[in-house]
Amino acid sequence: MTQLASRPTDPTTPRPARPVPDLVTEIPGPRARAHVEFDHGLTSPSLPRAYPLVPVRGEGATIEDIDGNLFLDFAAGIAVNSTGHAHPRVVAAIQEQAAELLHYSASDFYLPIYARTCQRLGAISPFKGPTRVYLGNSGTEVVEASIKLARHVTGRQNLVAFLGGFHGRTYGSVSLTASKAKYHAGFGPLLPGIYHAPFGRVADLRWFDEVLFRRLVPADEVAAVIVEPIQGEGGYIVPEDGFLQGLRELCDRHGILLIADEIQSGPGRTGRMWAMEHWGVTPDILLTAKGLASGMPLGALIAPARLLEVWGAGAHGSTFGGNPVSCAAALATIDLLEEGLIADAAERGEQALEGLGPLADRFPGFVRDVRGKGLMLGVEFDTPEHAEEVQWVCFQRGLLVLECGTSAVRLSPPLVVTQEEIATALRIFGEAVEVVARVPRHVLEEAEAAGAVTGVEAGG
Ligand SMILES: Cc1ncc(COP(=O)(O)O)c(C=O)c1O
């Protein structure tokens, strides 16, 4: 139940609690449809837009749209709103900081909350000794920083990323990205010196010795390997046990830095502070963003001090990176994670995985796989169209989920999601799978008529 209401008239009148989901118009509603039309003439057509959700307000795991419909949010703004929408402690921290100081660049001056955030991130990092931290505004910015740092530290030029990986959309990070060809289409030449390895199976690691180092580039010219411990945009793909450990050994053997891109999988989302912990692997450089500041823009590159100390003054920086309001949101977020949200994510994740698992038996061949850790859950379907239709039917019934990979749907709710909300989401998701498995063409045609199924996969 939530206190959200579409158009509160008098703030002193208590609003009646509403169940969630609570749909009061057809979906999308008239205001949403009008807004989509308004938006289409103004915004960059490059934005992929998964479906016509027009959110205006949020609370916990609930999103209210422009028509006053309440949705159960298992998309969380692409796995971002870790502490839920408008967590009172995060909002208070933001308001307090905003009233004190909105901006003063930490690149050229000494911003107290910036250093305190770096200290806190060091303390929750997997690194044993002293750490140093660079703060940016987004995931892609800290990926770029890691490329520059790895080349600087090692004096080597080449980088290895993985097929299916997603690291962002600026030139360095999009060159590392290999989840969908459309991210590269028309943008070449990309950053040189990047190789893509197969992801996920222990046996795939042979590719390094048998193909990369033997035929393409000597190991001592490779600066870093960058890996998502669980691939995100590429399909919520969990590697085999032993894969990340094997990768760590391989990097150690050749003096190659291991960069963990935990921009989507951390902090806390997988039921551990960092997803790498599931396999007991410590990277050399850790990247995070998305959920770190509960929705305020912030990215972090965390590394042992000895690595970052190779950079001299001016080697890297940012006007806005580590904005004080974003830092305040991050500090409140980390408090909440440590006070219980990580443990909750593990518990709620188990509940969700147990509920989703039987779908593969109920719909054999249609549901191909159910996987994930904590609240980073993916369901693989037989075709991209079926994944898209399930996403659409969920939306129609008040549950927000998001496609990923080629034919998967991801569930990534805020970590504050309750047991009851998980149960509701499982019920709606199960119904959606059943509807699509039984009457796919009819559903797709309806969705196409409403202009909703775009044929463009969600990104991020
Ligand atoms: C694993 C991973 N790395 C990097 C990025 C890029 O982050 P941003 O969109 O904040 O630039 C994303 C975004 O989806 C991501 O999931």
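Visitor: Where in the chain is Pro21 placed?

Guide: Pro21 sits in the segment before helix H1 (30–40). Helices (H or I, at least four residues) and strands (E, at least two) are DSSP runs, numbered from the N terminus. Residue numbers start from 1 along each chain as its sequence is written. The model is predicted: local features need pLDDT of at least 70, side-chain atom pairs count only at pLDDT 80 or more, and totals for chains, interfaces and linings use all residues.

Visitor: Is the peptide bond from Val20 to Pro21 cis or trans?

Guide: Start with the general idea. Most residues other than glycine have a negative phi, and most peptide bonds are trans. The bond from Val20 to Pro21 is cis, with omega near 0°.

Visitor: Which residues does the cis bond with omega of about -15° join?

Guide: That bond joins Gly266 and Pro267. Pro267 is in the loop between strand E8 (257–261) and strand E9 (285–288).

Visitor: What is the phi of Tyr236?

Guide: Positive, about 50°, although Tyr236 is not a glycine. Look for Tyr236 in the loop between strand E7 (222–227) and helix H8 (243–254).

Visitor: How many helices and strands does the protein have?

Guide: The protein has 14 helices and 15 strands. Its C-alpha atoms fill a box of roughly 60 × 55 × 45 Å along the principal axes.

Visitor: What does the radius of gyration say about the 460 residues?

Guide: The radius is taken over C-alpha atoms, and the globule rule is 2.2 Å times the number of residues to the power 0.38. For 460 residues, a compact globule would come out near 23 Å. The protein has 22 Å, which agrees.

Visitor: On to helix packing. At what angle do H3 and H10 pack?

Guide: Two packed helices are described by the angle between their axes and the distance between the axes. Axes are lines fitted to C-alpha atoms, for helices over the stretch in contact; angles run from 0 to 180 degrees between N-to-C directions. Helix H3 (residues 88–100) and H10 pack at about 150°, with axes 8 Å apart. That makes H3 roughly antiparallel to H10. The classes are: under 35 degrees roughly parallel, over 145 roughly antiparallel, 65 to 115 roughly perpendicular, the rest oblique.

Visitor: Is the crossing of H3 and H10 left-handed or right-handed?

Guide: H3 passes H10 in a right-handed crossing. A crossing is left-handed if the near helix is turned anticlockwise from the far one by less than a right angle, and right-handed if clockwise. Contact residues (C-beta atoms, placed from the backbone, within 7 Å) include Ala93 and Gln97 of H3, and Ala328 and Leu331 of H10. By class, the H3 contact with H10 has 11 nonpolar, two polar and two charged residues. Ala, Val, Leu, Ile, Met, Phe, Trp, Tyr, Cys and Pro count as nonpolar, Asp, Glu, Lys and Arg as charged, and the others, Gly among them, as polar.

Visitor: How far apart are the axes of H4 and H10?

Guide: Helix H4 (residues 112–124) and H10 have axes 9 Å apart, at an angle of about 30°. Their crossing is left-handed. Among the contact residues are Tyr114, Thr117 and Ile124 of H4, with Cys327 and Ile334 of H10. The contact of H4 with H10 counts nine nonpolar, one polar and two charged residues.

Visitor: What about the axes of H12 and H13?

Guide: Helix H12 (residues 384–396) and helix H13 (residues 419–438) have axes that come within 9 Å and cross at roughly 130°. That makes H12 oblique to H13. The crossing is right-handed. On the H12 side, His386, Glu389, Val390, Val393 and Cys394 take part. The contact of H12 with H13 divides into nine nonpolar, one polar and one charged.

Visitor: Which domains make up the protein?

Guide: Domain 1 (30–87 + 341–449) and domain 2 (104–322). The bounds come from an automatic or database domain assignment. The C-alpha centres of the two domains lie 28 Å apart. Domain 1 gives 25 residues to the contact and domain 2 gives 21.

Visitor: Which element gives the largest share of the domain 1 side?

Guide: H10, with five residues. The side of domain 1 that touches domain 2 has 12 nonpolar, 10 polar and three charged residues.

Note on methods
Two residues are in contact if their C-beta atoms, placed from the backbone, lie within 7 Å.
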